[in-house]
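Trainee: Here is the structure we are to discuss. Where do we begin?

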Amino acid sequence: MAKSSLRNTPPAQRITWPDDPELLAGVLRPYARPRTEYLKSATVHVANGLASAEGEFSIPFPCYIDDTGHLNSVEVNICFNQLMYYLIAKCVQERAVPALAAWTMTDYWAKQLPDMLIAKFSSKFIRPIDSQAFHGEVSFAEFSERNRSRPVQFIDMPWRFWDAAGGIAMGEVRMALIEPPGMTGEARGPEEDR
């Protein structure tokens with residue numbers, strides 16, 4: 001998977017959308033029970049047909065275990081999902097990324113839970129992260145499509161989380177968007193798959 005971040009793109013060459021509390025509340029609606037709304041704010045950056053989101057997180061208490069005192073892999077997965085959902089929603093809302101241009105917000109809300117799947121998740125924990133206050137970033141590195149039995153759009157997404165004390169974790173995810181708007185459902189042979 002490609003490593004990608006827009007951090008090194010000069011500010012003049014990227015578009016930035018600050019936190020959108022109304023959109024964030026909608027994106028986090030599925031996390032209202034039990035209180036797992038870990039993403040507190042997010043900023044989206046777009047350049048060269050790709051995008052990234054940086055978020056601020058806080059986990060006052062874990063939703064499934066006694067407090068470990070540090071960010072763990074289950075919480076990383078939840079935090080990745082929240083920031084990824086927000087990134088896709090903001091890019092659809094602003095029509096910011098060509099690969100998602102066929103999407104509407106109606107499409108997004110209908111597909112957020114049933115049709116946005118993690119196909120592959122890898123992680124590397126380097127130093128413990130304080131789960132009370134930390135930051136994260138997810139990025140679109142590459143889009144691809146496959147249309148065998150039904151259309152699927154893949155997004156390769158590097159991610160990282162860090163805190164003020166030097167805690168850090170990073171990894172990569174391959175997202176599968178099932179039957180995305182703009183792709184036809186006609187099956188193609190293997191030689192035609194991309």
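Mentor: With a term. Two strands pair if DSSP finds at least two bridges between them. Strands (E, at least two residues) and helices (H or I, at least four) are DSSP runs, numbered from the N terminus. This is a predicted model, with local features needing pLDDT of at least 70, side-chain atom pairs needing 80 or more, and totals for chains, interfaces and linings using all residues. Residues are numbered from 1 along each chain as its sequence is written, and side-chain values use heavy atoms, without hydrogens or water.

Trainee: What makes β2 and β3 a pair?

Mentor: Strand β2 (residues 39-47) and β3 are joined by 8 bridges. Pairing asks for at least two, so they pair. They run antiparallel. Thr 43, for one, has Glu 54 in β3 as its bridge partner.

Trainee: Why is β3 called mostly covered?

Mentor: Buried means under 20% relative accessible area (1.4 Å probe, protein chains only). In β3 (residues 50-57), 6 of the 8 residues are buried, so the strand is called mostly covered.

Trainee: What share of the chain is buried?

Mentor: 48% of its 194 residues. The chain has 3 helices and 8 strands.

Note on methods
Buried < 20%, exposed > 50% of the residue type's maximum accessible area, 1.4 Å probe, protein only.
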